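Student: Before we start, could you take me through this structure by setting each value beside the definition behind it?

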Amino acid sequence: MLKLYSNQLAAQLQKNLAPVYLVFGEEPLQKQESIDLIRAAAKKHGFDERQSYSWDNSFSWNDFLMELNNLSLFSPRRVFELELPAKLPTGASDLLKQLPSLVHPDLILVLHAAKNANDYAKSAWFKTLAEQAVQVQFYPLDDQQFQRWLQQRASALKLHLTPDAITLMQHHCAGNLLAAAQELEKLGLSLVSGSVDAELLEQHLADQSHFSVFQLVDALLSGQGNEALHRLDRLLQQDTEPVIIAWQLQKEVTTLMQMHLAQQQGKPLADFFKKNAIWPKRQPMYQTAVSRLPAKWLGYVQQELAAFDRAFKSGALSCPELALAHLVSLLVSPVSKVFSLQQRYADFTP
């Protein structure tokens with residue numbers, strides 16, 4: 001099976017069309033634009049009819065198969081798209097195993113889902129279908145990739161983003177390519193062309209950034225205090241449960257304390273990183289954090305996290321958002337212990 005990143009798909013489609021495309025990933029804009037590219041290329045090759053299905057509660061596999069096998073009155077060449085659910089219903093795998101035998105030269109089959117392909121890769125239906133397929137894979141962009149994406153997208157709209165404008169756009173639309181694309185398109189419509197600086201951009205922007213808890217951790221490990229608080233604020237606005245955020249902070253504090261211990265014992269950091277599944281790209285962040293946060297300080301933060309957990313579970317925590325901001329600040333750099341969750345909630349037990 002040919003595996004492509006989304007930015008390689010256009011070149012492949014110019015060479016030839018595959019009978020099957022597997023488009024899986026959690027980033028909605030890259031997913032939709034990949035499907036749009038397949039549709040456009042198929043239409044150029046005479047696949048004039050397209051039928052789209054979503055495997056939801058009203059989906060009928062028998063109706064889908066019937067349409068798949070029917071000869072069209074309008075076009076002999078058709079594109080069939082099937083969106084899979086996050087979790088396949090019981091028996092779905094056996095049904096999907098029928099698809100490889102139904103593929104023929106006048107049919108292009110596109111299976112897609114807002115889920116990583118690795119979640120399906122071990123299934124028998126996926127392996128069989130993969131023999132005829134091109135797999136389009138994509139992932140959330142890191143900061144550098146997002147920066148390049150913004151520059152390329154702006155350039156296509158005949159806009160030039162100054163460095164401060166790119167930083168502002170990253171801040172407002174991080175983790176949300178769709179919002180970034182829409183903001184750039186609005187700029188393109190309101191401006192004929194030219195340079196866009198932060199001052200001009202700020203007049204158009206609303207904060208539409210979207211983060212995961214792991215991206216909050218990255219900002220903390222790197223010591224980016226303002227960015228960490230921004231990501232925390234967006235996570236809470238996304239209705240992320242405070243206890244999930246606190247649990248991840250606890251996990252990272254434990255990892256950093258273990259890293260301190262490994263260094264004290266003279267153990268190779270390479271072994272530590274391997275044991276804790278910390279891939280090379282993230283290792284410098286952990287090294288930065290360990291050099292900035294002494295083991296004794298991390299022990300204090302761990303006690304503060306335990307106090308948060310007790311107060312939260314007892315219902316005594318009136319404003320968990322402020323308590324989390326306090327914990328995040330403690331992980332940016334050591335500060336004076338003017339306020340302590342341990343003292344504030346000393347009388348409460350879960």
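This is a predicted model: local features need pLDDT of at least 70, side-chain atom pairs count only at pLDDT 80 or more; totals for chains, interfaces and linings use all residues.

Student: How many helices and strands are in the chain?

Tutor: The chain has 17 helices and eight strands, where helices (H or I, at least four residues) and strands (E, at least two) are DSSP runs numbered from the N terminus.

Student: What share of the chain is buried?

Tutor: Buried residues are 44% of the 350 in the chain, and the word stands for under 20% relative accessible area, found with a 1.4 Å probe on protein chains only.

Student: How do you know what span helix H2 should have?

Tutor: The expected span is 1.5 Å times one less than the number of residues. Helix H2 (residues 28-44) has 17 residues and should therefore span 24 Å, and its end C-alpha atoms lie 25 Å apart, which agrees. Among the buried residues of H2 are Leu29, Ile35 and Ile38, and just after the helix Gly46 takes a positive phi of about 90°.

Student: Why is Thr255 called buried?

Tutor: Thr255 has a relative accessible area of 10%, and because the limit is under 20%, this residue counts as buried. Thr255 is placed in helix H12, and, leaving aside residues up to four places away in sequence, Thr255 touches Phe272, Ile278 and Tyr286, a contact being heavy atoms within 4.5 Å.

Student: What makes a space a cavity?

Tutor: On a 1 Å grid over the protein atoms alone, a cavity is a set of points where a 1.4 Å probe fits but cannot get out, and its lining residues have an atom within 4 Å of a point. The count comes to one cavity of 30 Å³ or more, and the largest cavity holds about 70 Å³, a volume being the space filled by probe spheres set on the points.

Student: Which residues line the largest cavity?

Tutor: The lining includes Val217, Leu249, Glu252 and Leu331, and H12 gives the largest share, four residues. By class, the lining has eight nonpolar, no polar and one charged residues; Val and Leu count as nonpolar and Glu as charged.

Definitions and conventions:
Residues are numbered from 1 along each chain as its sequence is written. Side-chain values use heavy atoms; hydrogens and water are left out. On a 1 Å grid over the protein atoms alone, a cavity is a set of points where a 1.4 Å probe fits but cannot get out, and a pocket is an open set with protein on both sides within 12 Å along at least five of seven lines; lining residues have an atom within 4 Å of a point. Buried means under 20% relative accessible area, exposed over 50%, partly exposed in between (1.4 Å probe, protein chains only).
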